[in-house]
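Morning, everyone. Please put the sequence and the model up on the screen, and then we will walk through them together.

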Amino acid sequence: MRISPNALLALSLLLASCDAVPAENPLVEKREESQTGSEESLPPDSLFGHLAYEETEQPLADAGRYRDTGRVVQLRSEAARAFRAMQASARLAGVELVPISGYRTRGYQEGLFSRAVGKYGSRQSAARWVAPPGYSEHHTGLALDIGALESPETDVEPTFENTPAFAWLKENAHRFGFEISFPRDNPQGVSYEPWHWRYTGTTGSQ
């Protein structure tokens, strides 16, 4: 599927201003804020259901560009290699995986979270969709948002689960050391994110 330059520019601008802040998820029943990340079930080093993570000091590598925007997505070296291998395997099956967002600094996450607070009205409501700074798996360099080349409208949206790319990931991602971070009804109380995967093939990736 060929996407016009104007459409790509609009998509790039949208993600630059609202990266990983999806539209309200119509597939997930709204929870009362008090139910998100209950104190009884979560460890003390968590916030609104999100676990604490340090920014990685490990070397980063190029995991690919986000569509035709020129933005480089970075992961820790071993995770980047694993993703590229997974991407190549998917391509042989006729599926094109797109890296959307990988490693993020705490400062970058602060900007994303602030925009989400403005969108959803409170820090706790925003945390259903975007991790607070210091509590994002993306800090580790092992988490990756993945899209489907032919379906840019599903990038960081629940509708990604309806793409062949997601179907392929469900069946094959484990072979390359990746697993979905926030499946439906996850114990952290984070909203379902079919696009968000983490590399678990190295010590300390959890």
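Let me start with a definition. Rings of Phe, Tyr and Trp (for Trp, its six-membered ring) pair if their centres lie within 6.5 Å; planes under 30 degrees apart count as stacked, over 60 as edge-to-face, and the rest as tilted. Now look for a cluster: ring pairs join Phe 160, Phe 166 and Trp 197.

Two housekeeping points. This is a predicted model, where local features need pLDDT of at least 70 and side-chain atom pairs count only at pLDDT 80 or more, while totals for chains, interfaces and linings use all residues. Residues are numbered from 1 along each chain as its sequence is written, and side-chain values use heavy atoms, with hydrogens and water left out.

Next, the overall picture. The protein has five helices and eight strands. Both are DSSP runs, numbered from the N terminus: helices are H or I with at least four residues, strands are E with at least two. Along the sequence the pattern reads α-β-β-β-β-α-β-α-α-β-α-β-β. Of the 206 residues, 50% are buried. Buried means under 20% relative accessible area, exposed means over 50%, and partly exposed is in between, with a 1.4 Å probe and protein chains only.

Now the sheet. Four strands form an open sheet in the order S5-S6-S8-S7, with antiparallel pairing. Two strands pair if DSSP finds at least two bridges between them. The edges are S5 (97-101) and S7 (178-180), and each pairs on one side only. S5 and S6 (residues 143-148) are antiparallel, over four bridges. One example: Val 98 has Gly 147 in S6 as its bridge partner.

What packs on this sheet? Helix H2, residues 77-92, touches S5, S6, S7 and S8 (196-199). Its direction makes about 150 degrees with that of S5. Axes here are lines fitted to C-alpha atoms, for helices over the stretch in contact, and angles run from 0 to 180 degrees between N-to-C directions.

Stay with H2, and find Gln 87 in that helix. Is Gln 87 buried or exposed? Its relative accessibility is 11%, so Gln 87 counts as buried. Leaving out residues up to four places away in sequence, Gln 87 touches Val 95, Leu 97 and Pro 99. Contact means heavy atoms within 4.5 Å.

On to the core. A nonpolar core is a set of buried Ala, Val, Leu, Ile, Met, Phe, Trp, Tyr and Cys residues joined through side-chain atoms within 4.5 Å. The largest one has 31 residues, and those with the most contacts inside it include Phe 83, Met 86 and Trp 168. Which element gives the largest share? H2 does, with six residues. Take Met 86: beyond its neighbours within four places in sequence, its contacts include Leu 97, Ile 146, Leu 169 and Phe 178. There is also a second, separate core of eight residues, including Phe 113 and Trp 129.

Back to the rings. The structure holds five aromatic pairs. In one of them, Phe 178 and Tyr 199 have ring centres 5.3 Å apart and planes at 50 degrees, so the pair is tilted. Phe 178 sits in S7 and Tyr 199 in S8, so this pair ties together parts that are 21 residues apart in sequence. Both residues, Phe 178 and Tyr 199, are buried.
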